[in-house]
Amino acid sequence: MTTTTRHLPRLGLRGLQRFNDISGYTVLLVLAAVFMIPLYWMFSTALKSPQQTFAIPPEWIPAPAQWENFSEVFEEVPFGRFYLNTFFLAFANIVGHLVSVTLVAYGFARLRFPGRNILFLVMLSTLMIPYQVTLVPRFVMFSKLGLINSYWPLILPAFTGSPFLIFLVRQYMMSIPFDLDEAAYIDGATRLDVFWRIILPLARPALMLVIVFTFIDVWNDFLQPLIYLNDPDMFTVSLGLSFFQGARETNWNLLMAGSVLAMIPPLILFFFAQKQLIGGISVEGLKG
Amino acid sequence: MSAFTRVSRSWTQLSPSERREALAGYLFISPWIIGFLVFFLGPIVASFILSFTRWNIVGTPEWVGLANYERIFTQDPFFRKAVTVTLTYAAIYLPLEVIFGILIAVVLNQKLRGIGLFRTMYYMPYIVPKVASSLVWVWVLNPRYGLLNTMLGWLGITGPSWLSDPDWVLPSIVMMALWGVGGSAVIYLAGLQNVPNQLYEAASVDGANRVQKFVRITLPMLSPTIFFQLVLGLIGTFQTFTPAFIAAGRSGGPLQSGLFYMLYIYNRSFESMRMGYGSALAWIMTVFIMIITLLVFRSSKYWVYYEAERKRTNR
């Protein structure tokens, strides 16, 4: 906010500044309340007994707090299993993306070959086509291969890269000076040497983004696990949570405890990678 | 693609070392080429062919010609419902997303101590997994014990029964989605911070007030960002699945009032296992999205302001 002092001479510069600050903070706090109250409601419900959950008027601070709800979630449904499954899937997808995205991005960013521009445009244009149109044939393909109710359909595509991440990493690799490659080639390095020893280490911030985005995508994915997984022991956290909702007369306290548990890993990741994440998402806003 | 230094030439014009480089290039991008063929192009073509068949995945597909499309457009009330629901949602949600996104970005663009903390708080709902955030809202919107109706009660208002009332299902889902508006606000914030300060200073010298500055400087400078957010948001609306599935229910809620298009595709394809019909639905959606995207791109020259363009015409 720029402050124009000309129109309000009587307040003086400092007075106006303070007035601006106070109104600024008021707006900020009101908005913060709007965004945080549902989260608070989730957390406080997670600590309530069934009777407290359905109290009218609602208890804002549950007393006594039922911390054992969190362990009960693990007994009611195989939540620990869901956690492990989702971590495993996230790990496999991250490995897949790190391998494929870096290789492809390097090819597009640093090597010259006929048709490169056209292929790159084709890749970008696939971002504009909704992936849902491929959903049925993919399902048919995996079911003919006997891979329904396995993790393969949720892992294999990662090893072929993701257009958006390739775009992101390629942009980053373009910004690395080409002199470095030239110098290495003169010293007798191969293309793989250059890729592995020069480009990859320098592209580390972009790789962090690949890891963070992939983790969050896998952790939040719901439709694909829903389609491909039937065995409750193989469910992901999101899928397990949704079945928990439908399974019985809804226990809102346990369901909210489960929701809190489901948001912890992305939340932790968010706090560690906040800078990159918000920066990267602003890039995402301009993709296409 | 100005970054590419050389005009690409055909294979025969390349020197041996250039050929080796080209070969390496193809090898490096081969994972994506395989993925493109196996997981994208192949399935799209297959989906097109499947859309002319009747098939429940066991047995052989039966060729029915245009029957699926004919039925969708003339006899399928759910198709009409799904299109109406999705477009209504887009018409309500997208403008609100732009307005709130920009307003919050403006609020976050103040130079105040501790602003980072607020940015984190506004952004947090966006990173809650969709299933969890949908569940939270189902509980917040519980007509009797939910938070929202309790708070409305303080004001003496009897809240509606939200997700059980056909008239309130869509507004509920809009509200749920707006809770995550911090995600777009951050993008607008980045756009705001790219607006050169001289523009505001020059305007101040000319005696412009805040509102004039916002309308004449901020909005035009943000228009490319708004444009991309709208395009992505429109595509995203047609892909909305999880909130509808969790909050409205897998069959679309009371009177199918929450039957989002994607939910309908899911129901036809994977609940009733009608692969051909589902493919036809998916193809209609794809074509529709491509047309809309094209129209939005075409219209962009009338309202999107590009810095680079101005430079070109002025000099």
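Which residues touch the most other members of the largest nonpolar core? The legends below start from that point, and every view shows a predicted model.

**View 1. The largest nonpolar core and the residues with the most partners in it.** This core holds 118 residues, and A:Val104, A:Ala105, A:Ile166, A:Val169, B:Leu135 and B:Ala247 touch the most other members. Helix α4 (residues 79–110) of chain A is the top contributor, giving eleven residues to this core. Another core lies apart from it and has 22 residues, including B:Ala105, B:Leu108, B:Phe118 and B:Tyr122.

**View 2. The surroundings of B:Leu135.** Let us zoom in on one residue from the previous view. Leaving aside residues up to four places away in sequence, B:Leu135 touches A:Leu241, A:Gln245, A:Leu255, A:Ser259 and B:Ile246. B:Leu135 is also one of the residues that touch the most other members of the 118-residue core.

**View 3. The contact between chain A and chain B.** Here 83 residues of chain B meet 81 residues of chain A. On the side of chain B that touches chain A, helix α1 (residues 16–50) of chain B gives the most, with 18 residues. What is the make-up of that side of chain B, in nonpolar, polar and charged residues? It divides into 59 nonpolar, 20 polar and four charged residues. For the model, the scores are ipTM 0.87 and pTM 0.88.

**View 4. The two domains of chain A and where they touch.** Eleven residues from domain 1 of chain A and nine residues from domain 2 of chain A make up the contact. On the domain 1 side, the elements giving two or more residues are α1 (12–46), α2 (50–53) and α3 (68–76) of chain A. Of these, α1(A) gives the most, with four residues. By type, the residues on this side of domain 1 of chain A are five nonpolar, five polar and one charged.

**View 5. The fold of chain A and a cis peptide bond.** Chain A is built with 15 helices and zero strands. Of its 288 residues, 38% count as buried. Among contacts in chain A with a separation of 6 or more, 73% come from residues 24 or more positions apart. Now look for the bond between A:Ala63 and A:Pro64, a cis peptide bond with omega about -5 degrees. A:Pro64 sits in the loop between α2 and α3 of chain A.

View 6. You will find A:Asn149 in the loop between α6 (135–144) and α7 (152–155) of chain A. Why does A:Asn149 count as partly exposed? Because A:Asn149 has 14 C-beta neighbours inside 10 Å, and partly exposed residues fall between the cut-offs of 12 or fewer for exposed and 20 or more for buried. B:Met273 belongs to the loop between α12 (261–271) and α13 of chain B. B:Met273 is partly exposed as well, with 13 other C-beta atoms within 10 Å.

**View 7. Helices α13 and α4 of chain B, with a length check.** Helix α13 (residues 275–303) of chain B has 29 residues, so at 1.5 Å a residue it should span 42 Å; the 41 Å between its end C-alpha atoms agrees. Among the buried residues of α13(B) are B:Met275, B:Tyr277, B:Leu281, B:Ile284 and B:Ile289. Helix α4 (residues 115–127) of chain B has 13 residues, so it should span 18 Å, and its end C-alpha atoms are 19 Å apart, which agrees. The buried residues of α4(B) are B:Phe118, B:Arg119, B:Tyr122, B:Tyr123, B:Pro125 and B:Ile127.

**View 8. Domains and confidence in chain B.** The domain assignment gives chain B a domain 1 (11–50) and a domain 2 (72–314). The C-alpha centres of these two domains of chain B lie 36 Å apart. Chain B has a mean pLDDT of 89, and 94% of its residues reach 70 or more. Over residues 1–5 of chain B the pLDDT is below 50, and this stretch has three contacts in the model beyond near neighbours in sequence.

Terms used:
Residues numbered from 1 in each chain as written. Chains lettered and ligands numbered in written order. Predicted model: local features only at pLDDT ≥ 70, side-chain atom pairs only at ≥ 80, totals over all residues. Domains from an automatic or database assignment. Contact = placed C-beta atoms within 7 Å. Nonpolar A, V, L, I, M, F, W, Y, C, P; charged D, E, K, R; others polar. pLDDT = per-residue confidence, 0-100. Core = buried A, V, L, I, M, F, W, Y, C linked by C-beta atoms within 7 Å. Expected span 1.5 Å × (residues − 1).
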